[in-house]
Amino acid sequence: PTAVKISLIDMLSETGLQVIEATSFVSPRWVPQMADHAEVMQGINKLPGVSYPVLTPNLKGFQAAVAAGAKEVSVFGAASELFTKKNINCSIEESLERFSGVMSAARAASIPVRGYVSCVLGCPYEGKISAAKVAEVSKKMYSMGCYEISLGDTIGIGTPGSMKEMLTAVMKEVPVGALAVHCHDTYGQALANILVALQMGVSVVDASVAGLGGCPYAQGASGNVATEDLVYMLHGLGIHTGVDLQKLMDTGTFICNALNRRTNSKVAQALCRL
Amino acid sequence: QECQASGLPEYIKIVEVGPRDGLQNEKVMVPTDTKIELINRLSKTGLPAIEVTSFVSSKWVPQMADHKEVMRGIERHPGVRYPVLTPNLQGFHSAIAAGATEVSVFGAASESFSKMNINCSIEESIEKFEEVVKSAKNMNIPVRGYVSCALGCPYEGNVTPAKVAEVSKRLYSMGCYEISLGDTIGVGTPGSMKRMLEAVMKEIPLSALAVHCHDTYGQALANILTAIQMGVVVVDSSVAGLGGCPYAKGATGNVATEDVIYMLNGLGINTGVNLYTVMEAGNFICTALNKKTNSKVAQASFNTGTI
């Protein structure tokens, strides 16, 4: 329910997280779970210093987002032609053309745009994805004006080896300061992959509280890496995140109760005695 | 080769601890036949070492009461080692009588843990192990040494790298051919793993070190990666991630062998192990235990039908 989404975001805002992806301005026909995007955007308590980006797949979504108060948007590309075809029914080139409309409008409104590249370490349809292709798509999106490129291991198939190879190629085209990694934990590799990315200079990492979000391509498999587990590792490494792990775990407990499901975070499992 | 260029080892030896460490920490008591079947399946995967059982009093560890039967009942594949735990001389003799050809002793880097676990100080435990190692040496039986609480203790909290190095050195000097450093409660992170290994590597050659990471906080693979980046070439793991954590109710314990192999395969590192057959063995034991696997690779693979 909308109220639960708003509470979740408000609780996340209190943890010290600086960026919280709030919702998606996509047609409810395609993504019914995000149908309440305008209400959520208008209902959340926006803390100063915290960013609340939203997905905007096209100009219409962008305009709706701005009308609802969005101050930052994201666009989603992919390094796989087949994935793009199956996901949004067009080619990579066509998808980038669609984004250029959003990019121009965003520039005019001084709204920053984050670019996502899916399937950077493998595709559920094509299988292997070349690092060169990832670099090419990332470069295009960066040149179009995205301030940051989030490289997504969409099916979690990557390992530290493929992560390194992919980042090496991308870093030739996009400055490392503009790169983020979005690792899925479907094969348990997320933290190891994130560690390698950090070792190579990446300093932006996407994660999901309680590891919310399964993998639509592997029934029963996990998806997003849990923010709690990531923060635990970073703090253990002496890396500053500004995030309060206890508050984060409390937020995870809240949403898992609301969803009537167990957390996917191992840190939460270990520390929250049931 | 990709792995050579990145400074990673070409080959990692996997020590499979599922049948012992794994089953010992599962709530369900497993019949002897099932244990033997599991070990026989694991013997066909290419795993070079499989920890079979523990020759400890059944009063303390009832799940391992059938140690003699298991030891005698398993198939012994050439090229595969079948170590067993022997906490003292009595256990050692019993193990040899049952046909064991390699044994392990368990020390700890924490006094409190040693006291709570085996009711004696670190020093006293080392004296007991010395007896085992001496007898083992006389019979040309290799001894592996474990050091628990290498990255933290459920009672003492922080454990200093210096203490880990000290205990490791004692075990190595007395004759253990390999020292397995255990993050017993899985609290370690790549930061603490690095600091601990740096201290231990000053006292013990890299080739004699192994890491035994628990995944209680989801850190195992990242910690293992850190260890192999530093040159460690032996990794302990448990099929299907068998074995919960006795110190954190409901939490996971051992890292899953399948997930480790997946990572090593992806890094181009040779293990000699067939991932698919390990997953099948994992599927077998999880069915027998009526539980879900703790391996994410197995979860993902069995559900898409693709391996």
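A: Buried area is the accessible area, found with a 1.4 Å probe, that two parts lose on being put together, summed over both. In this predicted model, chain A and chain B bury about 2,700 Å² between them, and 56% of that area is on carbon and sulfur atoms. Three residues, Tyr187(A), Tyr232(A) and Lys266(A), supply 23% of the area that chain A buries against chain B, which is more than any other three residues supply. As for confidence, the model scores ipTM 0.92 and pTM 0.94, while chain B averages a pLDDT of 94, with 97% of its residues scoring at least 70.

Counted by contacts, the interface brings 35 residues of chain A together with 36 residues of chain B. Across it there are 10 residue pairs in polar contact, both residues being at pLDDT 80 or more, and the count of salt bridges between chain A and chain B is 2. In a salt bridge that joins the chains, the side chain of Lys266(A) meets that of Asp215(B), at 2.5 Å from N to O. On the side of chain A that touches chain B, at least two residues come from each of helix H7 (160–170), helix H8 (190–199), helix H9 (227–236) and helix H11 (266–271) of chain A. By class, that side of chain A has 16 nonpolar, 13 polar and 6 charged residues.

The buried residues are Thr227(A), Glu228(A), Asp229(A), Leu230(A), Val231(A), Tyr232(A), Met233(A) and Leu234(A). They pack against H8, helix H10 (245–259) and H11 of chain A, together with helix H9 (190–201) and helix H10 (220–229) of chain B. Just after H9(A), Gly238(A) takes a positive phi of about 80 degrees.

Leu151(B) is buried, with a relative accessible area of 9%, and, leaving aside its neighbours within four places in sequence, Leu151(B) is in contact with Gly182(B), Asp183(B), Val187(B), Gly188(B), Ser192(B), Met193(B) and Met196(B). Leu151(B) and Ala165(B), 14 residues apart in sequence, are 12 Å apart in space from C-alpha to C-alpha. Cys149(B) is also placed in the loop between strand E5 (143–148) and helix H8 (161–174) of chain B; although not a glycine, Cys149(B) has a positive phi of about 60 degrees, and at 0% relative accessibility Cys149(B) counts as buried.

Ala240(B), likewise not a glycine, has a positive phi of about 60 degrees, and its place is in the loop between strand E8 (234–237) and helix H11 (257–266) of chain B. At 0% relative accessibility, Ala240(B) counts as buried. Within strand E8 of chain B lies Ser237(B), which counts as buried at 1% relative accessibility. The side chain of Ser237(B) makes a polar contact of 2.8 Å with the side chain of Thr257(B). Not counting residues up to four places away in sequence, the residues that Ser237(B) touches include Ile14(B), Val15(B), Glu16(B), Val17(B) and Gly18(B), as well as Val255(B) and Val260(B).

Salt bridges also occur within the chains, and over all chains the structure holds 21 of them. In chain A, Arg114(A) forms a salt bridge with Asp206(A), the closest N and O atoms being 2.8 Å apart. That pair links distant parts of the chain, with Arg114(A) in strand E4 (residues 113–118) and Asp206(A) in the loop between H8 and H9 of chain A, 92 residues apart. Arg114(A) counts as buried at 7% relative accessibility, and Asp206(A) is buried with a relative accessible area of 11%. In chain B, Glu26(B) forms a salt bridge with Lys291(B), the closest N and O atoms being 3.0 Å apart. Glu26(B) lies in the loop between helix H2 (18–24) and helix H3 (32–43), and Lys291(B) in the loop between helix H12 (275–289) and helix H13 (296–304) of chain B, so the pair ties together parts that are 265 residues apart in sequence. Glu26(B) counts as buried at 12% relative accessibility, whereas Lys291(B), at 23%, counts as partly exposed.

Terms used:
Residues numbered from 1 in each chain as written. Chains lettered and ligands numbered in written order. Heavy atoms only, no water. pLDDT = per-residue confidence, 0-100. Contact = heavy atoms within 4.5 Å. Salt bridge = Lys/Arg side-chain N within 4 Å of Asp/Glu carboxyl O. Polar contact = N/O pair within 3.5 Å; in protein donor to acceptor, adjacent residues only side chain to side chain. Helix = DSSP H or I, 4+ residues; strand = E, 2+ residues; numbered from the N terminus. Nonpolar A, V, L, I, M, F, W, Y, C, P; charged D, E, K, R; others polar. Buried < 20%, exposed > 50% of the residue type's maximum accessible area, 1.4 Å probe, protein only.
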